There are 2 protein chains.
Amino acid sequence: MTQDTMRLGAFFYATGHHVAGWRHPSSEADGGLVLERYVGWARRVEAAKFDLIFLEDGTGIRDADLRSSERTARSAHFEPVTLLSALAAVTSRIGLVATTSTSFNEPYNVARRFASLDHLSGGRAGWNLVTSATDLEAANFGNDRIARHADRYERAEEFVDVVLGLWNTWDDDAVVIDKASGQFSKPDGFRTLDHRGKHFEVRGPLNISRTPQGQPVLVQAGSSGPGKDLAARTAEIVFTANQTLDEAVAFYRDLKERMGRFGRAPDDLKIMPGLFPVVGRTEAEARAKFEELQALIDPVVGLALLSRMIGGHDLSGYDPDGPVPELPETEGGKSRQQLMFDLARREGLTLRQLYLRIAGARGHSQIVGTPAQIVDEMEARFRAGGADGFNIMPPTLPGGLDDFIALVLPELRRRGLVRTEYEGRTLREHLGSRPPAGYGPGKASASRG
Amino acid sequence: MTQDTMRLGAFFYATGHHVAGWRHPSSEADGGLVLERYVGWARRVEAAKFDLIFLEDGTGIRDADLRSSERTARSAHFEPVTLLSALAAVTSRIGLVATTSTSFNEPYNVARRFASLDHLSGGRAGWNLVTSATDLEAANFGNDRIARHADRYERAEEFVDVVLGLWNTWDDDAVVIDKASGQFSKPDGFRTLDHRGKHFEVRGPLNISRTPQGQPVLVQAGSSGPGKDLAARTAEIVFTANQTLDEAVAFYRDLKERMGRFGRAPDDLKIMPGLFPVVGRTEAEARAKFEELQALIDPVVGLALLSRMIGGHDLSGYDPDGPVPELPETEGGKSRQQLMFDLARREGLTLRQLYLRIAGARGHSQIVGTPAQIVDEMEARFRAGGADGFNIMPPTLPGGLDDFIALVLPELRRRGLVRTEYEGRTLREHLGSRPPAGYGPGKASASRG
């Protein structure tokens with residue numbers, strides 16, 4: 001344990017994380033297309049003093065068979081940076097973390113957009129950088145197949161350096177706005193970057209000044225070796241999926257140790273596993289809620305979800321009640337594929353049993369129980385050194401979120417595990433972390449000697 | 001004249017269009033970095049029933065000599081799509097038009113972002129598509145030089161087709177959200193695009209449903225032959241700079257005639273020249289306001305502005321009081337270069353006289369006078385068939401905007417030249433235009449027969 005309270009994220013995904021969550025009678029199933037719904041959810045988590053809202057992203061529909069996409073709420077959804085920009089205008093404290101891929105974007109554009117979001121929000125922006133992992137996304141950008149895993153990470157490493165470098169092209173105090181002298185910014189307050197690398201050549205400077213946070217907070221989710229190294233070097237939040245407590249502690253220790261190689265202190269990166277809670281006043285009530293959702297899963301949707309999770313293999317021809325087939329690893333997200341196959345093997349699951357198992361949490365921790373049971377597990381993982389906090393994945397919206405806030409949050413507060421008031425104004429202040437050396441506030445001027 | 005009232009845009013540029021406007025004592029010179037300023041300006045123009053807010057953009061600082069950028073408010077500024085997304089959350093009627101370049105973006109990403117803005121705003125999004133015209137912007141994207149003018153337009157033509165095609169991959173009524181049956185969208189309510197062209201290969205479908213406007217409104221500003229053809233084929237607004245009434249009428253007629261070749265009616269594209277008004281209760285008061293701004297222009301900034309306007313030639317070594325040199329045409333924005341050289345030749349201007357002349361309107365119409373004088377000129381151009389409306393370029397913000405609203409707008413209303421209340425909710429309803437055939441609402445389903 002490296003701090004006295006947990007960090008809490010609100011991971012909004014379509015209209016609830018459970019794959020059939022949108023079908024629940026209480027669900028605001030048009031949330032992906034109606035801003036007012038998101039405004040309502042954002043205001044709830046800000047009032048509850050969460051650290052941040054987290055939005056994932058894909059650069060296309062990721063189901064090979066479009067028929068299954070017609071049966072999920074995820075197919076039609078706001079683009080996350082525009083959505084968070086809108087939420088920035090109607091919130092004041094909550095952190096705003098959006099996913100953007102390094103695979104099909106230019107670093108100059110990404111650096112600008114997140115710098116803009118950081119200015120718009122007064123220092124609440126975070127960028128969850130991912131590499132795109134499906135051929136279906138690649139096909140929207142002139143490629144038949146996704147790049148190899150190693151090549152994607154090589155590009156991502158350089159991409160991050162360019163973005164951090166661009167955020168660094170302006171000094172903290174460059175903008176002076178001296179109307180009398182006509183000096184808008186200090187002499188030499190900004191400068192070119194002149195990056196020349198294997199994947200990118202970028203002159204700079206950025207055409208937006210250094211942001212309230214100095215640089216937006218970097219977030220990552222990769223759990224492969226290259227993914228962990230990139231996170232250890234640059235991230236202040238890692239979002240991860242762990243199954244067992246032992247796995248969680250091992251991952252946590254590994255990642256924090258890697259930070260030392262890059263001259264960083266363990267506290268400067270918060271590890272926040274996903275947590276899918278189904279809450280009831282009694283265990284029986286929680287189970288009943290969960291079974292109500294499970295019963296709504298269309299087998300077509302369940303198999304399509306599973307196909308995505310094991311790297312894109314099409315499972316639609318397999319018997320749902322047969323065993324999980326042995327399939328080769330693809331260039332898709334490797335850690336997730338491994339997680340699925342390990343789980344199936346460990347417990348001897350059929351395809352249907354496996355998709356029913358992941359239909360809610362998609363490989364993240366899933367707890368169905370009373371507030372005390374849920375907080376017991378959260379506290380155990382937190383105190384054992386397996387997590388600095390959790391990214392909460394409500395099964396339905398707003399119901400699953402309201403349940404967490406009304407039932408679980410009071411118990412977390414009673415035990416002193418979470419904040420009751422914001423201490424700071426920026427996302428980084430909420431986290432209590434420091435950005436990677438050489439890129440933090442003031443570093444730009446300092447390094448120029 | 002093709003309609004009974006003028007369309008009005010509010011073109012926000014840095015903190016006022018006059019190159020020294022930010023130095024005026026009344027100016028909110030931090031507007032490019034503080035959301036509250038833009039919120040205030042947006043609410044003013046919405047209350048005044050303008051059609052739209054218009055934001056230009058560049059993908060980098062466009063001054064070769066960074067020293068001159070230190071003396072302008074334009075160097076550090078929000079990215080426009082994120083800014084308009086924030087404004088979408090705190091406005092309800094005003095149209096939101098942002099510029100995005102086709103040169104250094106991918107059509108799938110652009111289509112998604114503007115679709116998202118259209119959903120966020122309930123149908124108020126517009127995309128001003130431009131081709132990037134400076135080597136300094138190209139250098140932020142791995143290129144030493146900007147592409148040739150003809151090549152940029154070839155790419156832009158295909159880019160627009162892909163974006164329009166992607167917006168068309170979802171039927172109007174595809175999203176049904178039937179919780180009981182589990183059908184989120186209609187069977188075959190969306191489909192792949194499978195575009196394979198010279199510059200792009202894009203599978204689709206878009207991962208966001210058809211937008212409230214069917215497609216966001218396309219806006220263009222190019223006045224070259226290829227630029228006019230692209231506008232005639234796809235745009236519903238053209239933003240342009242004209243000097244004389246004769247030039248304006250000729251441009252208007254040419255563009256509307258070109259529309260016929262693409263099967264479009266003249267009314268479906270609104271031509272809105274830029275207008276830079278300096279308003280006084282008397283002509284002397286207006287002149288004094290203008291001279292106060294002119295006196296604030298730093299020669300370094302004036303010459304740098306002029307350098308940009310003539311296609312990137314560096315003028316810092318020239319005598320400001322000497323003649324405008326004969327310089328070859330570059331691959332930069334061609335129509336603007338021509339406009340500058342024509343103006344200098346016609347009136348025999350020195351470099352200083354030329355930059356003083358363009359320091360406010362940058363080649364657009366500039367009127368310094370009383371409300372009646374300004375409205376006389378607007379009405380004359382409107383009635384002569386030289387404009388469907390105007391994109392108002394306030395010299396300072398908020399002062400220049402407040403002057404226009406307090407003094408000019410009442411005169412426009414008295415003469416019945418502008419609306420006094422919104423008739424519709426979407427940008428397209430404000431304009432009274434129709435999108436290009438084959439791409440409009442309902443066309444997606446219809447064309448599938």
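The structure is a predicted model, in which local features need pLDDT of at least 70 and side-chain atom pairs count only at pLDDT 80 or more, while totals for chains, interfaces and linings use all residues. Residues are numbered from 1 along each chain as its sequence is written, chains are lettered from A and ligands numbered from 1 in the order in which they are written, and side-chain values use heavy atoms, with hydrogens and water left out.

We may begin with the interface of the two chains. Chain B contributes 80 residues to the contact and chain A contributes 80 residues, where contact means heavy atoms within 4.5 Å. Between them the chains bury about 6,600 Å², with 55% of this on carbon and sulfur atoms; buried area is the accessible area (1.4 Å probe) that two parts lose on being put together, summed over both. Of the area that chain B buries against chain A, 11% comes from B:Glu70, B:Lys179 and B:Phe184, more than from any other three residues.

The rule finds 5 salt bridges between chain B and chain A, a salt bridge being a side-chain nitrogen of Lys or Arg within 4 Å of a carboxyl oxygen of Asp or Glu. B:Arg112 and A:Asp57 are joined by a salt bridge between their side chains, at 2.7 Å from N to O.

On the side of chain B that touches chain A, the elements giving two or more residues include helix H2 (66-69), helix H3 (80-88), helix H4 (107-120) and strand S5 (175-178) of chain B. Helices (H or I, at least four residues) and strands (E, at least two) are DSSP runs, numbered from the N terminus. H4(B) gives the most to this side of chain B, with 7 residues. By class, the side of chain B that touches chain A has 34 nonpolar, 27 polar and 19 charged residues. Here Ala, Val, Leu, Ile, Met, Phe, Trp, Tyr, Cys and Pro count as nonpolar, Asp, Glu, Lys and Arg as charged, and the others, Gly among them, as polar.

Turning to chain A, this chain is divided into domain 1 (7-281 + 364-447) and domain 2 (298-358), with bounds that come from an automatic or database domain assignment. The centres of the two domains of chain A, taken over C-alpha atoms, are separated by 27 Å. Their contact takes 19 residues from domain 1 of chain A and 15 residues from domain 2 of chain A. About 1,400 Å² is buried between these domains, of which carbon and sulfur atoms give 58%. Across this domain interface of chain A the rule finds 3 salt bridges. A salt bridge also links A:Asp298 to A:Arg71, with the closest N and O atoms 2.3 Å apart.

Some local features complete the picture. A:His195 lies in strand S7 (residues 195-196) of chain A. Leaving aside residues up to four places away in sequence, A:His195 touches A:Glu158, A:Val162, A:Phe200, A:Glu201 and A:Val202. A:Asp194, in the loop between strand S6 (183-185) and S7 of chain A, has a positive phi near 55° in a residue other than glycine.

In chain B, a cis peptide bond joins B:Gly204 and B:Pro205, with omega about 0°. B:Pro205 is found in the loop between S8 and strand S9 (217-220) of chain B. Another cis peptide bond joins B:Leu397 and B:Pro398, with omega about 5°; B:Pro398 lies in the loop between strand S13 (389-392) and helix H14 (399-414) of chain B.
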